[in-house]
Amino acid sequence: MRNSKWIKPVVTAVIIAAAIAIVYALFFGNGRSSRETGAIPNSELQSEFPDHEEAGSKLSSDYRKVAENEHLELYLKEQSLSIQVKDKRSGYMWSSEIIDTESNESWKNFMASGLSLDYFEESKPNATRTDLVSQANKSITLESLEKGFKAIIRLNDLKLGMELHVSLEKDQLVVRIPQQSILEGNKTKLGSVYVYPFLGATKAGEVDGYMFIPDGSGALIRLADNKGKFKIPYEAKIYGTNEGIETVNRDIFTNPPLTVQYPVFGMVHAEGGNGLFGIVENGQYNAKIVAYPNGVNTPYNWTTAQFLSRESYLQPTSRSLGGVIVYEKARNPEDIQIRYTFLSGKDASYVGMAKTYQSYLEEKSILVRDEGKADTAIPLQMDVLGAETENGMFAKRLIPMTTVSQLEEMLGDMKKNGIGNVNVVYKGWNEGGYSGTNPSPVKYESALGSKKDFERLAASLRESGNPLHLYSDFTTGNEASKRFSAQTDAAKKIDKSILTIPTYEEVYGTIYYLSAEATSMLVKQNTKQYMSQNVSGIAVDKTGSVLFSEMAGKSRSSRSQTAESYKAAMQGLSDAIPSFLMYAPNDYMLPYADQVLDVPMESSQYIYISETVPFVQMVLKGYKDYFAPYSNFFANPQASLLRMIETGSYPSYYLTHETSYKLKHTNSNDVYTSAYKDWRDSMTETYRILDEALKPTIGAKMQNHERLSDGIVKVSYDNGVEVLVNYTNRDYLWEGVSVPPKGFQVIEVNR
Amino acid sequence: MKNINGKVLLLVLAVFLWLDSSSMVLAEAPYKTYTEDHNRQFVRTQDAYHPAGSIEKVGDLEFSGPSDIYIDARNRIYVADTNNHRIVVLDDEGQFIRVIGEEVLQTPVGVFVDHQGDVYAADSGLNQVVKFGADHAVKQIFARPESPLFGKNNPFKPMKVTVDKRGNVYIISEGSTNGVVQMSSNGDFLGYFGSNESKASFRIMLERFLFTDAQRAKLFKNVPPSATSIDIDQKGLIYTITQGDEGRSVKRFNISGFNLLPADMTFHPLYTDLFISKSGNIYTISQTGIIFEYDTEGNLLFSFGAPDDGKSRIGMFINAAGIAVDAGENIYVVDKERNNIQIFKPTEFTSMVHHALELYKEGHYVKSREPWSQVLNKNNLFDLAHKGLADAYYKQQLYAEAIEEYVIANDKEGYSNAFWEIRNRWLQNNLIYVLYVGIILFVLRILVRWLQRKTGVFHSVIRLKEQVFSAAFIRHVMFVSRFIKNPFEGFYGIKEERKVSLWSATFLYVLFFAEYVFALYYTGFIFNNVEPSSLILMKEIAKVFAPIALWIIANYLVSTINEGEGKFSEVYKGTIYAMAPYLLFSPIIVIVSNVLTNNDAFLYTFSSNIIVVWCAVLLFIMVKEVHDYTVRETIRNILITLFGMLILSLVAFIVYVLLDQVFDFVYSVIRELMIRAEL
């Protein structure tokens, strides 16, 4: 075998063949999946979208009444599908159309159209906006429904079609686009849809009033003439950024804006006059709440929901940041539906909106009235950090921060100081401590106490009325956990990369999100273990507030699917566990959470926000106990205390027995103060004051919330209690009642 | 009917109530606030300042590209409204007072008000600094100095201006590398003041060393950066701020132009302005909107503010240009791009910190103890508070408590002083017992020897000892002490007499590492700069053994082509035995370092240095003996070895980079193929 020259060409040939095979396999393998679901054969398209049709001519350009009930009248202008709604109680006419001569063509048409949309074209990364007026070659077929109408829309040039259903229900108007009715050609794909975006729009400062946006606890944008002060509109995805598609910029200097947790928006034309309140009933998982103050593009104030069917994203092609921008292949599978409630008189305000939403949730049995126990003290939420880990030379080093016996000591001391009603959440109770262990084993960390110790603690707490809550998080995963493998359990982004989140911390640098399937599995396993260990309280973080879409196998799972799977999991867990707490849950989690933690009292500080209002608190009060964010980290403890009184929020603390200096080199290094001895006095005092202010309101619903003057707020409850809060440095006299500076006053009105 | 049964409650929660904020100041700040620890690392803290609104317009006037702001003693706000060619004056509530210099100014980019109320505008369009008197008319003009000292070709383009009590004017001229232009009150050029230094990087030094004159002339001129802004404090000290001068960006000059601030301050690369508040705290702003507040010593108190995230939230900036602070410690920042002024109010927490700092700065250490511990209650990671508290304890002679706090604040000097006191006290009380113990031990030794001689009761012990020491491995290890007494003999022993084995050498390598780790953990606080939680085993192993391995390999390879006699195993063994001084004495030094103070620090540094030099000498002898070289050959060999080590690591690096590139390429191709296939 001396002559081995023949080897070279053979090897080369084999390599080339292999390469071709791989490439071919890739093309072929993915070629099948690229044939999209829901695409329509050409012949059908032909019949749905005829090339030429004498469109538009037979559509009338005048408003005609199409439906009426005891509260409302509905008028329709066929040509643009724009509507007018007359509120019979006040005679006030709401219109979805603004006739404007000054704006440019595209905005003019947008304002005149009942329906506008964005579409993607092949190999164009950015969506193009169009509307019914701009599209001349279209057909609209109208059918009347019982209390409204149905319009079948065909845009022939774009080969896009859908149905729009509009109907009256009591004092409400329901607007719907069924998902099945959407037709798309092969070239153009639907990006997003606006329905009646200009319903209730006003020009500059012509109408007094405000727009309501669900930012944080709720915020108002006054309808004053801004004279072009604002350049950027409010646009926020309901339930926050979808990290399955978008990359969140997490720089160390910026706090991300608060997320929209309730799919609502509203508009008030003169407080006490007329109002419009929109609830996004369907499609909220892929929608944005949009509010344009005047001066942003147009001189009009308008607010609506934008429904996203597809989003564009960066598909990376190299390990560095290079890539191409493409749009999603599959369309989001949800129907689109907004329910507008027309408010008038006293209800035409954010208070009226909160009440409307409250009764809406009650009707859907998402909220259940809780009268509360009379003569109990208010609850105090105490998160206790058990153990954390820092890097060590040979292995991670466990730092016990609060052992079981130390916690018992703390609770005893608190009781002595008059704090008896404590909700205890034990963080980092599990083997390995708080950070880096998720999904954590259902096993007590032995450095904190034996199983017996934990059981003794749980039993004594249960006896006192509030069980011990074990902290858990079914959303994040760590590679250090034995129950997690990034390859099989982590969620994948739309670009098929694994969804990772940098922590910028020194011990555990990356966390993952579990796929919805892994979460369900985990919850099931854990539920069994909790039951067998007789756990009677659980506090769930992240799973109630984080929502993302993912690639499950080869198909895309939308956020609505993730939410459904989370809901099922939480349902099972809350059925099994007597006391179930949730941190900052989105609205769809409300049925499961017994108490709600970490409810924001603030808004995100957008420059156009003129006032923050406690909308969320007004909805929850009297139905669910809710707690403020941790009091440890307030920079203005006094003002924050007043804010808790104003919003009826119960206090919460994040405490440890050891000094928090020990956490400096752990992932919890943002906990810069937590030692019980540092907080003992201040907590006792805060609790005493809050108990005094809020005890009379236990179980009551908030009836009204009004600003008497700058820095003076009056909150009325339905049991006759009124709470006056004075943020100013001066005494405030109100109808013979004096409110001390930086203080409050509780008044009971006899009826 | 209303029945009032609520109680009036005075809130006693917060001790500091002098915040005069009538309007509601309560907001979740859109930015994160940090302070710094002793390593100048950012540490989270409560929000220090909250955005409290903005001034978008003054009456009917709008700003256009405002680039500087100043607040005078009467709390009036002066804005250099650059593109509108004027200075706008407002009161502390943002109400319009007047406009200055509308007809005169062209491009006012800097504004200053002296103690008499005269307004100075630095105009980069007119190339003048214009002074306006009490009647708001032009009082004086400072134009380009005629003096030859100014420099014939130096441009004069005033950007910022400040004035001292004597009326001397300090002007920052754009691109002036000589420093700040100093003029007398009547416009005479006095000279340049406080210039920055140019950086002499290693590359520049190398270029200077190697290049010919002609080549050097072609090089980009290495000029020092020119200052960006300037201010003056109550005592008349001048401060400048410079973009891109790293830790020395902020300078406080004494009269002779010497920088009094530390050279390692936390910095931002895009500084645009600074302001010195009445209390002497230094406030800086960067273009991206990061605001720093330093105390008078240059320690960072707070970092906050953030670049605009495209969502229009308050407290964020697009192009922040100027900063000023009023008497109520409210911060005002002008944004060139947003054309507004944003206002930040100190929070209750910040008032607390300022209060403690004030007491501390004035030397009321004991009085500052209470405020500092309150700050610590609110933030355990506030190192400045730990230091303040420690100083207070020290003053109160609570040395043990002081030491605890000094350790947290990593204040070596304070620790040393407190420790000295404790050590002194201990010595006073216990010195006599130490002597007793010494005497007893000495007597015991004599006794034991005497007993052994007389009766031989310790025979078995001695035999055991001899047995242990005669074991080959132990003998090989113990041979290390020979290198202290007679290194030549030692290396001869390695080479010719097989006095050591590979096993013993390996054991010593492990011991070496163990001692290294021991030193990391147990060196006395004053001499220890290691954060235990930052130690990772693999990293430390690499740190210790990578250079040693490189040395051994390079030395062996170099020697084989250089007629060296040494075998690989001999280099391996010789190297660690050459470390004998470290192996034998390092633990002792580490232990002793725990009872030393700064006064006797030289003991530690001196002995540490001796060990290093000693090891180096032994290594030299090792190379010489093992390879049987002359001195000249040895030197040559060592130099080549060092060079070889450099080349080896370079090759490793290049291979790594290349492989990475190849991987990247293959990955990109596959990725692209997959995506194209899908689209």
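Student: What covers the buried residues of α3(A)?
Tutor: This is a predicted model, so keep that in mind. The cover over the buried residues of α3(A) includes strands β3 (82-87), β5 (115-121) and β6 (128-131) of chain A. It also includes β12 (188-195), β19 (287-292) and β20 of chain A.

Student: And which residues of helix α3 (residues 105-112) are buried in chain A?
Tutor: Trp107(A), Asn109(A), Phe110(A), Met111(A) and Ala112(A).

Student: Switching to charges. How many salt bridges does the structure hold over all chains?
Tutor: There are 67. One of them pairs Glu311(A) with Lys237(A), at 2.6 Å from N to O.

Student: Where do Glu311(A) and Lys237(A) sit in the chain?
Tutor: They lie 74 residues apart, so to speak in distant parts of the chain. Glu311(A) is in the loop between β20 (300-308) and β21 (312-316) of chain A. Lys237(A) is in strand β16 (residues 234-237) of chain A.

Student: Is Glu311(A) buried or exposed?
Tutor: Buried. Its relative accessible area is 11%, and the cut-off for buried is under 20%. Lys237(A) is buried too, at 10%.

Student: What about Glu685(A) and Arg688(A)?
Tutor: Their side chains meet in a salt bridge, 3.0 Å from N to O. Both are in helix α12 (residues 676-694) of chain A, three residues apart, so about one helical turn separates them.

Student: Why does that spacing matter in a helix?
Tutor: An α-helix has 3.6 residues a turn, so residues three or four places apart point the same way.

Student: How accessible is Glu685(A)?
Tutor: Glu685(A) has 17% relative accessibility and counts as buried. Arg688(A) is partly exposed, at 38%.

Student: Which residue does Lys714(A) meet in a salt bridge?
Tutor: Glu706(A), at 3.5 Å from N to O. Lys714(A) is buried, with a relative accessible area of 8%. Glu706(A) is partly exposed, at 29%.

Student: New topic: chain B. Which residues make the nonpolar surface patch of about 930 Å²?
Tutor: Ile432(B), Tyr433(B), Leu435(B), Tyr436(B), Ile439(B), Ile440(B), Phe442(B), Val443(B) and Ile446(B).

Student: Where is Ile439(B)?
Tutor: In helix α7 (residues 412-455) of chain B.

Methods. Residues are numbered from 1 along each chain as its sequence is written. Chains are lettered from A and ligands numbered from 1 in the order in which they are written. This is a predicted model: local features need pLDDT of at least 70, side-chain atom pairs count only at pLDDT 80 or more; totals for chains, interfaces and linings use all residues. Side-chain values use heavy atoms; hydrogens and water are left out. A salt bridge is a side-chain nitrogen of Lys or Arg within 4 Å of a carboxyl oxygen of Asp or Glu. Helices (H or I, at least four residues) and strands (E, at least two) are DSSP runs, numbered from the N terminus. Buried means under 20% relative accessible area, exposed over 50%, partly exposed in between (1.4 Å probe, protein chains only). Patches are made of residues with over 30% relative accessible area and no salt bridge: like charges are joined within 9 Å, nonpolar side chains (Val, Leu, Ile, Met, Phe, Trp, Tyr) within 5 Å. Accessible areas come from the Shrake-Rupley method with a 1.4 Å probe; for residues, only the protein chains shown count as cover. Contact means heavy atoms within 4.5 Å.
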